[in-house]
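Subject: Structure for you, with interface notes

Hello,

Here is the structure I promised.

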Number of protein chains: 2
Amino acid sequence: MGKSLTRREEDYSKWYNELVVKADLAENSAVRGCMTIKPYGYAIWEKIQAELDSKFKDTGHENAYFPLFVPKSLFEAEEKNAEGFAKECAVVTHYRLQSDPDRPGKLRVDPEAKLDEELVVRPTSEAVIWNTFKGWIQSYRDLPLKINQWANVVRWEMRTRLFLRTTEFLWQEGHTAHATKTEAVEEAELINTLYANFVEKFMAIPVIQGIKSESEKFAGAEETYCIEALMQDGKALQAGTSHFLGENFAKAFNVKFTSDQGKQEYVWATSWGVSTRLMGALVMTHSDDNGLVLPPNLAPIQVVIVPIFKNEEQLELVSEKANLIANDLKSKGVRVKFDNRTTHKPGWKFAEYELKGIPLRIAIGPKDLEKGTVELARRDTLSKTFENQEGLTVVIENLLKDIQHDLFIKAEAFRDDHITKVDTFEEFKDVLNSKGGFLFAHWDGTSETEEKIKGLTKATIRCIPLEQTKETGKCVFSGKESKQRVLFAKAY
Amino acid sequence: MGKSLTRREEDYSKWYNELVVKADLAENSAVRGCMTIKPYGYAIWEKIQAELDSKFKDTGHENAYFPLFVPKSLFEAEEKNAEGFAKECAVVTHYRLQSDPDRPGKLRVDPEAKLDEELVVRPTSEAVIWNTFKGWIQSYRDLPLKINQWANVVRWEMRTRLFLRTTEFLWQEGHTAHATKTEAVEEAELINTLYANFVEKFMAIPVIQGIKSESEKFAGAEETYCIEALMQDGKALQAGTSHFLGENFAKAFNVKFTSDQGKQEYVWATSWGVSTRLMGALVMTHSDDNGLVLPPNLAPIQVVIVPIFKNEEQLELVSEKANLIANDLKSKGVRVKFDNRTTHKPGWKFAEYELKGIPLRIAIGPKDLEKGTVELARRDTLSKTFENQEGLTVVIENLLKDIQHDLFIKAEAFRDDHITKVDTFEEFKDVLNSKGGFLFAHWDGTSETEEKIKGLTKATIRCIPLEQTKETGKCVFSGKESKQRVLFAKAY
């Protein structure tokens with residue numbers, strides 16, 4: 001079937017790239033660095049969207065939509081943001097193509113149709129949104145303003161990989177405005193926790209909540225909260241960020257409000273986002289050499305039924321029972337597919353659904369009809385059992401819950417096994433090269449040390465964990481005083 | 001409150017523009033021709049999306065996502081499509097901004113970062129999708145391929161109006177591939193009917209299904225099906241289109257499949273879309289001089305409860321009952337809001353919710369507590385009744401259904417009253433200028449006649465209705481033989 005995968009231990013990166021394409025999640029497009037998200041991959045993204053969207057709404061956020069284009073001058077208003085984002089971007093300079101007089105059938109830019117001011121395709125929307133918020137906020141009664149947007153953004157990346165780093169990607173970006181600093185900080189923290197809960201409970205990916213060091217934080221933020229996950233190859237992946245922006249954007253765009261005391265004050269801001277990058281984290285946390293492994297919550301198909309038959313008559317008998325099973329599962333809200341195609345053999349189907357990560361597979365043939373059983377296979381453990389047809393739906397409902405739980409436990413055990421306390425730089429380098437994962441080490445708090453460690457090892461500070469026992473010590477690199485340990489790792 | 005609207009008969013166009021902004025649906029942005037869709041407007045759009053999306057899925061379509069950018073060369077592949085779409089578009093020519101050495105704090109395009117090939121921001125995605133389909137389709141087993149995409153698109157419009165014509169807009173675009181012509185034509189028709197049912201049943205907007213004349217059809221289509229609605233000012237609005245594309249795109253992008261007979265054949269295509277333009281149709285079909293009127297199916301809030309009180313104690317008593325009413329409504333799935341703000345007077349709230357088009361308003365005060373009643377006001381008819389608190393939920397559930405139904409009936413009566421059979425060009429012009437609406441007239445079938453009528457009257461052929469008694473006659477303009485009547489109108 002030409003679908004066999006490179007094994008992970010052979011070449012993890014190649015395994016990932018092949019799996020994303022062969023499992024029909026995404027593929028590269030005709031535009032350098034831009035991907036096509038295929039129907040199966042998009043169906044998983046829709047589940048991520050739906051769950052997050054309901055969580056945002058439950059916490060008082062509303063969706064809106066802001067323009068794709070940001071006039072160059074809006075970027076100039078907030079210097080750090082411009083430094084961080086407006087440089088590597090897609091720039092629209094013209095608004096017309098015309099037939100090329102020198103090359104029949106070809107198009108060229110119409111030199112007459114040059115824009116007075118170039119438009120940047122949004123790499124993020126703080127500038128355009130704060131320029132809009134100025135018109136929406138006058139009084140403390142207009143606050144808090146809690147807005148989210150589902151959108152595409154473009155960052156001109158030199159090295160791209162499907163889902164992990166693409167020129168265009170899909171994301172949600174939250175932008176909120178508050179009357180007080182305390183409230184804005186609380187919002188940034190609330191969202192970071194919301195992200196952590198979502199990623200852990202829904203995607204079964206364990207994460208560490210923390211804050212970013214000065215050099216890793218968002219351009220224009222006072223504080224960046226983040227959730228960090230660990231992939232199977234020992235590299236970290238930033239799965240989401242939530243920023244406390246202080247008064248930076250309010251000052252850049254002159255957004256003030258009349259307080260309940262009648263005073264004019266600047267508004268406090270947050271912004272936060274997760275993206276299609278989560279799809280990469282999903283693949284690299286759970287999947288194996290046979291293909292995708294999907295947590296039941298995210299699986300577009302949770303159970304597939306494959307009929308075993310030698311002739312038309314057998315297929316008919318088996319189908320009758322299979323349809324009863326499928327309908328009973330559907331009535332309980334289980335997403336089930338009965339694959340009764342005669343164009344493909346059962347063995348081909350087994351491999352295909354393994355590749356696609358369907359959590360449970362039911363095989364049913366003439367012998368099962370006699371015995372009143374089915375063969376039930378778990379994708380995550382690749383284990384098989386025979387189950388009675390009677391009461392099967394309850395067994396499956398419970399198994400789906402077990403799989404969701406077990407995937408998290410397994411990933412958490414792996415992650416915990418890959419957090420290593422190190423106290424010397426030798427140890428730091430040894431563990432990083434032999435085992436990878438997070439290195440929990442003392443750091444003197446300076447960007448210089450961070451930069452030097454990165455230069456020597458490629459490891460960066462992934463975060464300063466929010467939950468840790470405070471412990472002073474000596475910086476693993478400089479030997480200077482350290483107030484706390486931080487998590488270093490090589491990262492995606 | 002500064003929210004009073006221009007009256008429709010005074011200036012319909014001004015009424016529309018004001019209403020869209022004042023009812024918090026959308027506003028203009030810093031980018032010429034691009035709008036910001038505000039939370040209230042976006043909540044309505046989300047309801048449109050959710051309903052359509054489930055209808056697409058029920059009919060076997062899957063969502064996917066294709067790149068925002070289309071390399072210029074892909075447009076060159078399909079000549080008519082390029083003629084129609086690739087001309088007035090946003091063109092990305094560079095991928096970097098840099099600090100301007102001559103103007104501190106300002107940015108400029110980096111002349112070194114010029115793209116080898118310009119990228120067009122998609123005005124529609126046929127080119128990029130058919131270039132992708134080439135890799136997805138080999139055999140008849142891969143067909144039909146039925147894909148939909150929710151996306152933003154950009155067309156560089158010179159004259160823009162919120163929702164009706166904006167440089168960037170949101171839409172869905174379906175793209176399907178089929179083994180036979182018959183199947184592709186059936187798909188185009190199925191979707192047009194799906195659109196008609198959705199717009200009529202969910203948005204309460206009556207439409208006429210038809211096909212476009214040669215000069216009005218989609219560039220690159222063999223046949224364009226459409227649904228046409230009539231606005232209150234007598235102008236038509238194209239609410240959705242569904243195209244049978246023949247083999248045009250398959251040939252342009254060389255997409256062939258091996259048939260079940262083992263032959264290599266070109267694939268047959270359709271594409272179809274509706275956009276945020278539907279929001280404009282919604283406003284202009286139902287709303288009045290007091291503001292929006294929303295069909296209950298689309299209303300983010302279906303019922304608002306406004307407490308009437310003179311002091312804290314009264315508010316408390318009224319709130320207790322109001323919360324009971326609200327909770328009972330919620331338990332039946334009714335979207336209800338209890339507005340217990342003390343910062344605004346009841347009169348202000350009444351006007352506000354009228355402006356926002358909330359279908360039903362409950363007012364409840366101390367006297368109602370005594371009598372066991374509430375005051376119930378319908379937004380569409382502006383009528384008020386007193387209802388018993390006992391059994392109120394059932395009354396409201398039925399009223400919401402009635403309102404949904406009545407809005408359609410009212411709009412249908414208006415539309416039917418504005419379809420006029422005309423048999424001379426004098427009559428044509430008279431009716432067009434005095435009453436507007438659709439003119440049902442004989443046409444000789446030529447683009448020349450169509451063009452001349454448009455030049456003289458600004459009326460165009462909106463569609464050749466699918467359902468009509470065939471009737472021959474003489475063209476209203478040229479006097480030549482005509483095979484059928486068609487619908488002319490001035491249009492948005």
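A salt bridge here is a side-chain nitrogen of Lys or Arg within 4 Å of a carboxyl oxygen of Asp or Glu. A:E216 and A:R462 form such a pair, with the closest N and O atoms 3.5 Å apart. Bear in mind that this is a predicted model.

Now the layout. Chain A is assigned three domains: domain 1 (12-69 + 124-286), domain 2 (303-402) and domain 3 (419-489). My notes cover domain 1 and domain 3 of chain A. Their centres, taken over C-alpha atoms, lie 27 Å apart. Domain 1 of chain A brings 17 residues to the contact, and domain 3 of chain A brings 16.

Next, the area. About 1,300 Å² is buried between domain 1 and domain 3 of chain A. Carbon and sulfur atoms account for 63% of that. On the side of domain 1 of chain A, A:I208, A:I211 and A:E216 supply 34% of the area buried against domain 3, more than any other three residues. A:E216 is also the salt-bridge partner of A:R462.

Finally, the domain 1 side of chain A. Strand 11 (208-211), strand 12 (223-230) and strand 13 (236-246) each supply at least two residues that touch domain 3. Strand 12 of chain A gives the most, with 5 residues. By class, this side has 7 nonpolar, 6 polar and 4 charged residues.

Best wishes

Technical notes. Residues numbered from 1 in each chain as written. Chains lettered and ligands numbered in written order. Predicted model: local features only at pLDDT ≥ 70, side-chain atom pairs only at ≥ 80, totals over all residues. Heavy atoms only, no water. Domains from an automatic or database assignment. Contact = heavy atoms within 4.5 Å. Buried area = accessible area lost by both parts, 1.4 Å probe. Helix = DSSP H or I, 4+ residues; strand = E, 2+ residues; numbered from the N terminus. Nonpolar A, V, L, I, M, F, W, Y, C, P; charged D, E, K, R; others polar.
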